[in-house]
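Please have the structure open while reading.

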Amino acid sequence: MANGKADGPRNIALVGPYLSGKTTLLESILFATGAIDRKGSVTQGNTVGDSSAEARERQMSTEINAATTEFLGDEFTFLDCPGSIELIQETANALAGVDAAVVVAEADPAKATALQPWLKLLDDFDLPRFIFVNKVDRAAGEVQAVIDALQAVSTTPLILRQLPIVKDEIITGYVDLAQGRSYVYRETGPSERIEADGDVADALGEARFAMLEQLADFDDHLMEELLEEVEPDREEIFKDLTENLQSGNIVSVLMGAAERDNGVQRLLKALRHETPGHDAAAERAGADAGSGDTVAQVLKTYHTQHGGKLSLSRIWSGSVKEGDVLNGERVGSLSRMHGHDTKKTASASAGQIAVFGRMEGVNTGDVLSSGTAVELRKTPVFPPVFAQAVNVPNRNDEVKLSGALAKLREEDPSVTVEHDPVTHQMLLWGQGDQHLKIAAARLKSKYGVEVTLEKPRVPYKEAIRKGVTQHARHKKQSGGHGQFGDVTIEIKPLPRGSGFQFSDTITGGVVPKNYIPAVESGVKEFLDKGPLGFPVVDLAVVLTDGKYHNVDSSEQAFKTAGRMAMAEGLPQCDPVLLEPILDVRIMAPSEYTASINNLISGRRGQILGFDARAGWPGWDQVSAHLPQSEAGDLIVELRSLTQGVGTFTFAFERLQELTGRAADQAIEMAAAE
């Protein structure tokens, strides 16, 4: 590290909400550094990451988009992360392998809340970060209001590095508070230095002193200089900015307009001089950068039509070349990524992000080693909050579906697949409606499997309210051996959660012992679909009496008799529908708590209380019990109420009786299906 600047390649994640301008910023960076000849447009679908069909269709990035470039002789790899909250798993995967992050925020105080999930994720990774306030050419009010709103959602102090120059209510440039110099923006080029006029000079003095006061909280020498009214030299200021950003004491805030290339050069210079180096990132990840073995971590898996399986990986120690063996698997190819294009490279070394080809047994998050197994910090996998039932219109695709889903899960670990044992549906779980639509689009475009998604059925069950004694006889004579089985059973309700119990009180051999299991089998068979059309739970059946025939009785005959007794007896037991109730924990900024309470009440929920959400300043956690039938699209309405940031967790709580019109509708719907 020379003059505080880290040596070696730098890896930077671009994170932030949808429409904040991350992809536009990446295009501007690549254009400014000469990596591309012309900038693409998100709306036109021609940016470096827009080769996927689902990205073009939705005008949004749907997975990590990596691009490597050089700035002033230093290598930078940028990972442009999707902006949808439903795709935040991609961001988490990327953060495991970068040195720092740039949080892209719009110059609108009203949108600051939307940044909180990303800021919290950066806190969890203990990752140094910059905030780039984008679209200042369209700023809705004073930039200071934006900074105040951002500080309210950040747990780390923000240091405003630039003071906007405003002319005719339009931001035309900025004052660099560390340098004490003024610049005017020039479209598609570097900003031009100008002399500050009187008003700007006065504002510069106040804002610069405020910045130095914040830095002095972490530097006693700087505090002494300010108290003694000694002007600190520029090198000391940049040293403080660099050290405090790298140690996580501050977040540096820069500004610009990526679409016009404003502020991009200054951002690049800050990244070049202030981003911590590879050793710091390795220590944070728990890796030994000086290890003699080659160690790498997979950040993202891609399945491509021509290149096969590709593993985007951060190399923590050693070097990699094609043909090397990691975790017992051969590196089939080695390349660097530029959007969805790859370019072969002879080798990649510690600190770089490269693409390993055709390592079939390797998955996202895996740690690869040329020697003994290595454990690094695990990337959290976000629990699912939304499900859809998967159907395959073309029966010929059913065989391909399981393989396609397995590959989909390799690309996106936050997608899970479940077979519901009650409704017999295949459920695709994810982070929201758009997430699963993207997954379905990928299944079709990449793996040739067309699926339809529909609302899952609710796994209702039924129970009984009273008991009955029921006799049944199965007798059939058709020449030769006939069929004969005669049983009397008692059916009794059990407390909720008891399940099914079977016993007998047979004496005198009226039902031979070898036929009693057949009676139980017939009873159980009927329980799969009771009088209301759902599985029956929480009841006891006792075989009390019966008769048999020496020649015509058989296991099948007694099984049929047991089923007949249940079919005749259960409708007399006052059957009742049971609906599953979930224990939910809804998390959102406290300003939305009243709206969430109304949301729960409107969905037949029972509010249990609320508390402050641990580790999330200004957030509440509302606890409630909610019918599963009302929770299916809960995340959709919750995000609509909370600027997209609200979320929840859930667990099965109990089965509860459902009567009245709601029960009638559920029974009618099940009969129709």
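Leaving aside its neighbours within four places in sequence, which residues is Lys475 in contact with? They are Gln483 and Phe484, where contact means heavy atoms within 4.5 Å. The model is predicted, with local features needing pLDDT of at least 70 and side-chain atom pairs counting only at pLDDT 80 or more, while totals for chains, interfaces and linings use all residues. Residues are numbered from 1 along each chain as its sequence is written, and side-chain values use heavy atoms, without hydrogens and water.

Lys475 sits in strand 27 (residues 468-476); helices (H or I, at least four residues) and strands (E, at least two) are DSSP runs, numbered from the N terminus. Lys475 counts as exposed because its relative accessibility is 63%; the classes are buried under 20% relative accessible area, exposed over 50% and partly exposed in between (1.4 Å probe, protein chains only). Its C-alpha atom is 84 Å from that of Ser247, 228 residues away along the chain.

Side chains of opposite charge can pair when their charged atoms come close. With a salt bridge taken as a side-chain nitrogen of Lys or Arg within 4 Å of a carboxyl oxygen of Asp or Glu, the count is 42. One of them joins Glu410 and Lys309 at 3.1 Å, N to O. Glu410 belongs to helix 11 (residues 398-411) and Lys309 to strand 13 (residues 308-317), 101 residues apart. Both residues, Glu410 and Lys309, are buried.

Lys378 and Glu375 also form a salt bridge, with closest N and O atoms 3.9 Å apart. Lys378 is exposed at 64% relative accessibility, and Glu375 is exposed at 62%.
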